[in-house]
Amino acid sequence: MTEEPTARPVPEGAAAEGRGLARLCAVAALLAVGFAPFLALQPNRIVSGEGFALPALPAAWLGLPLAAVLAACAVVAALAHHAAVQALAGAAGALAALLGAGLAATALLPAGATLARVSLGSGFWLIIGAFGLILADALVKLRGGPLARITFAFAAVGAVLVVLAAGLWNDLSIMREYAANRDSFWQQGARHLVLVGGSLAPALLLGIPLGYLCHRQAAARGAVLAVLSVIQTVPSIAMFGLMMAPLAALAAAYPALGAAGIRGIGLTPALVALFLYSLLPVVANTVAGFAAVPPAVVEAARGMGMGPLRRLASVEWPLAFPVIVTGVRIVLVQNIGLAAVAALIGAGGFGTFVFRGMGQTAMDLVLLGAVPIVILAFLAAVVLDAVAGRARGRPA
Amino acid sequence: MITVEALTKTFGPVRAVDGISFELAEGEALALIGPSGCGKSTTLRMINRLIEPSAGRVLIDGVDTTSIPPATLRLRMGYAIQGIGLFPHRTVAQNIATVPRLLGWPRARIAARIEELLELFGLPPAVFARKYPHELSGGQQQRVGVARAMAGKPAVLLMDEPFGALDPITRTRLQDEFLAIRRRMGTTVLIVTHDMDEAFKLADRLAVMEKGRIVQLDTPEALLRHPASAFVESLVGSEDRGLKLLSLAGVTALMQPATGWTAEADGTFRKAGADASLAPLSASASLREAASRLVFAGVDELPVVDEAGAMVGAIAMERIIAFGGGGR
């Protein structure tokens, strides 16, 4: 009862299972190092090119040692008895792949060929994915606190940014695409955040009070949750499309609204659609959070003379908060992904690069949009998990 | 100080509480006792207006409680419940501070009160003040629950099965502790329970309830000797009521001067002409304990000693048997 969760020894079965995952990832990494194309050389940005596994790289002075280092990291991770060793092996492997990809790209690119591109192959992604999982698995076993996890996530993203800023990846196709879209990349990035934040904030402002109302009024609960569930089932592309007609009609009927930026395409319909998607997780988790407050606690608070407002502020809200934060996490990660689709109706965001790249069959342009979305979602999940963990961990 | 007049609560066609009246004097402990669904909890909750009465009224120091805002009224009445309802996100000290803070006591007075109550309930403040409820055992949680209910120096303490969820040993210990604290502090208590032994132990008077009405309101002894109905008789327990009666009175009530006893060196006593010497009975023992000792030793009489071990009298079996006289 008084036991600290962090002090609990890892059960035998869990440890074995954890090592199993590390081993599986290590085998995947080894196979990817040996046989999967690490980089691909393309005659130009559209045509798919020739793939090279690491041992087959023309620059054998780089390819073979890199393959050896990665293989060594995988073996160490698979055999590590201590989670810290596994974490180090995972981090070293990921970093080696990251640095090696940049160096190998420079070596692979024919001198003076202006149109040729080197893009990342499936081998690279498999290796990064495998070492990433090895690292994450080790961190779970190390049972770091919420703050440690946040620090680590930002450090990992920071390391990637340092590699990019140092120009080590400049000969990779994805960075060529970045160089060609430098200004609009950051603009669309800012727009992406506006889409996510601009839909989340009103969803919280409306969703949490609505959730509390549903908690108090059983009759409202069924109806509200049913309507929101139906909204949630509308496919995202259809939802963005559905927003266009009524908003266009609205803008046509009231020119003042149109002048204020409310139109059938662009930011407004995207914000409305994302807002609607956000409501169900917020409302449902708010209801669940308040429902989980023990009735005896509320009864005692009433019986001791706490008024309704004070009861809400100092008893019910703090106890419901961790569950509500979990809802916010769902919404945030969901909206970071969904906002990409908003580019279809001219709302901008990182999705712009994804759809433009698909149109041009330029996969590295697709990646230029997709990778930042994945990183944002990852960071949001880590930060909010930590907030929820902290709220829960505060002895409750 | 608390007067309940013709209090009634109807839920649809059901009269859960049907015109009950009683008075609770200052410093008195009254138990509302009866089977589940007899309306005892509803009655308690009408007193602090967690439930609004359908008819009748409750006066506190002569003032109708409906003229006092519910939150204000409840600050004057401590409230301890079976589920305890400690705030899981607050420490023991913060839990106990709830009502004093609502009352706006100065910080130092609250701190002193927390310390006083924790000491009183045998929970050293240095160890327990900063703990969270989930770090406490069930008995410790229940102590904190009662301490929290008493923190604002309420005019009356309302308790709804406060020791119900505990194992029998812990429950008995908490009852003993609470009894000692109540006697020391002179707390006025209204307690709801379905446990007759608990009611006999903690309450000065018992209101036996059946189907929303009080069928008998009396002292434990009167309930045992003169149950008003077969229902009350079954509730007080017809098999062992003689023993229950004995547990209500102390040996000093029936003690006679000791004659013919001589003290031995080891603290035992020998009756003139007897072979063996006998261990004496403490003056604080109940008649029930006295009877048990007499039966166990197989004798007619035992010496009674004070705390210092000096003989103050003797208790005889025939007087104990006569004590029960008058029962049917």
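This report walks through the domains, a sheet, a helix pair and the chain contact of a predicted model.

## Domains

Start with chain A. Its domain assignment gives domain 1 (5-143) and domain 2 (182-393). The C-alpha centres of these two domains of chain A lie 35 Å apart.

Now chain B. Here the assignment gives domain 1 (2-239) and domain 2 (248-323). Taken over C-alpha atoms, the centres of domain 1 and domain 2 of chain B are separated by 38 Å.

## The sheet in chain B

Chain B holds an open sheet of six strands. Read across, the order is S6-S7-S8-S3-S9-S10, and the pairing is mixed. Strands S6 and S10 (213-218) of chain B are the edge strands, and each pairs on one side only. From one strand to the next, the twist averages 15°. Strands of a sheet pair through backbone hydrogen bonds, and they may do so parallel or antiparallel.

Look at one pair in detail. Strand S7 (residues 156-160) and strand S8 (residues 189-193) of chain B run parallel. Four bridges join S7 to S8 in chain B. Find Met159(B), and its bridge partner in S8(B) is Ile191(B).

## Helices on the sheet

Helix H1 (residues 40-47) of chain B packs on this sheet. H1 of chain B touches strand S3 (29-33), S7, S8 and strand S9 (205-210). Its direction makes about 150° with that of S8(B).

Helix H7 (residues 138-150) of chain B lies across S6 and S7 of chain B. H7 of chain B runs at about 165° to S6(B).

## A helix pair in chain A

Turn to helix H12 (residues 295-303) and helix H13 (residues 308-338) of chain A. Their axes come within 11 Å and cross at roughly 145°. The crossing of H12(A) past H13(A) is right-handed.

Which residues in H12(A) and H13(A) meet? From H12(A) come Val297(A), Val298(A), Ala301(A) and Arg302(A). From H13(A) come Arg311(A), Val315(A) and Glu316(A). By class, the residues of this contact are four nonpolar, no polar and three charged.

## Where the chains touch

How many residues does the contact take from each chain? Chain B gives 19 residues and chain A gives 18 residues. On the side of chain B that touches chain A, three elements each supply at least two residues: helix H2 (70-75), strand S6 (77-81) and helix H4 (98-102) of chain B. That side of chain B has eleven nonpolar, six polar and two charged residues.

Technical notes: Residues numbered from 1 in each chain as written. Chains lettered and ligands numbered in written order. Predicted model: local features only at pLDDT ≥ 70, side-chain atom pairs only at ≥ 80, totals over all residues. Contact = placed C-beta atoms within 7 Å. Nonpolar A, V, L, I, M, F, W, Y, C, P; charged D, E, K, R; others polar. Axes fitted to C-alpha atoms, helices over the stretch in contact; angles between N-to-C directions. Left-handed = near helix turned anticlockwise from the far one by under 90°. Domains from an automatic or database assignment. Pairing = 2+ DSSP bridges.
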